[in-house]
Amino acid sequence: MNRGNWQSRGRRGWRGKLQPIALSLAISLGLGGCAGRGPEPPVALDSYYRDQQPALSGDGRLLAFVSGRDGTQSILLYDLQRQQFINLPNLNRDDAIAESPSLSYSGRYLVYLASDRGRPEIELYDRITRRTQVLSSGYRGWVRHPRISPDGRYIVFQTGRRGQWDIEIIDRGPNVELDRRQ
């Protein structure tokens with residue numbers, strides 16, 4: 001497609017091009033329609049907004065991603081079986097940018113980066129207690145790309161503490177309530 005056509009088509013032109021991608025995503029995630037009818041993408045996930053950085057829970061039920069749907073960069077959680085969004089009270093703040101989500105096995109724990117003063121912090125959200133805990137408070141150096149273990153005890157991330165990107169692990173301790181397989 002040449003540049004002139006793209007500019008004249010505007011937003012509608014892009015929707016036509018992106019629809020097959022959304023449809024193939026719905027098919028690959030097992031979200032197709034009933035037998036006998038063609039697969040239909042779930043309406044709730046289809047968006048004109050920038051959705052990025054997807055993370056899937058270990059059991060394959062929950063999808064976390066960063067979205068600009070509410071005018072800020074927030075983390076959303078979507079239940080793939082029920083095809084609906086899950087409310088996450090006390091997670092997203094208007095004064096912070098959230099990114100790099102990672103889910104434990106059943107999605108009880110969600111680890112991510114939040115930047116509210118220009119410096120990212122690793123935060124952990126517990127869906128049962130609905131509380132957020134800052135894990136990298138007072139940590140010297142930059143952090144990025146946190147990932148949580150399936151049981152929720154360990155968080156691995158990259159750090160720039162030594163002037164290069166290294167890998168470090170946070171052990172939340174033996175007394176943490178683990179995310180168990182159901």
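This note sets out numbered points on a predicted model of a protein.

1. Basis of the values. The model is predicted, so that local features require pLDDT of at least 70 and side-chain atom pairs count only at pLDDT 80 or more, whereas totals for chains, interfaces and linings use all residues. Residues are numbered from 1 along each chain as its sequence is written, and side-chain values use heavy atoms, with hydrogens and water left out.

2. Overall composition. The protein contains one helix and eleven strands; helices (H or I, at least four residues) and strands (E, at least two) are DSSP runs numbered from the N terminus. Along the sequence the pattern reads α-β-β-β-β-β-β-β-β-β-β-β. Of the 182 residues, 34% are buried; buried denotes under 20% relative accessible area, exposed over 50%, and partly exposed in between (1.4 Å probe, protein chains only).

3. Surface and contacts. Of the contacts (heavy atoms within 4.5 Å) between residues at least 6 apart in sequence, 35% join residues at least 24 apart.

4. Four strands form an open sheet in the order 5-6-7-8, with antiparallel pairing. Strand 5 and strand 8 (131-134) are the edge strands, each pairing on one side only. From one strand to the next, the twist averages 30°; axes are lines fitted to C-alpha atoms, for helices over the stretch in contact, and angles run from 0 to 180 degrees between N-to-C directions. Two strands pair if DSSP finds at least two bridges between them; strand 7 and strand 8 pair in the antiparallel sense over four bridges. Leu 124 has Gln 133 in strand 8 as its bridge partner.

5. The structure holds nine salt bridges, each defined as a side-chain nitrogen of Lys or Arg within 4 Å of a carboxyl oxygen of Asp or Glu. One of them joins Arg 69 and Asp 51, with the closest N and O atoms 2.7 Å apart. This pair links distant parts of the chain, 18 residues apart: Arg 69 is in the loop between strand 2 and strand 3 (74-79), and Asp 51 is in strand 1. Arg 69 is partly exposed at 22% relative accessibility, and Asp 51 is partly exposed at 30%. Another salt bridge joins Arg 61 and Asp 79 (2.9 Å, N to O). Arg 61 is partly exposed at 26% relative accessibility, whereas Asp 79 is buried at 4%.

6. Further salt bridges. Asp 126 and Arg 108 form a salt bridge at 2.9 Å, N to O. Asp 126 lies in strand 7 (residues 120-126) and Arg 108 in the loop between strand 5 (97-103) and strand 6 (109-115), so the pair ties together parts 18 residues apart in sequence. Both Asp 126 and Arg 108 are buried. Separately, Arg 93, Asp 95 and Glu 123 are linked in a network of salt bridges.

7. Ser 57. This residue lies in the loop between strand 1 (51-56) and strand 2 (62-67). Ser 57 counts as buried because its relative accessibility is 4%. Leaving aside residues up to four places away in sequence, Ser 57 touches Leu 62, Leu 103, Ser 104, Tyr 105, Ser 106 and Gly 107.
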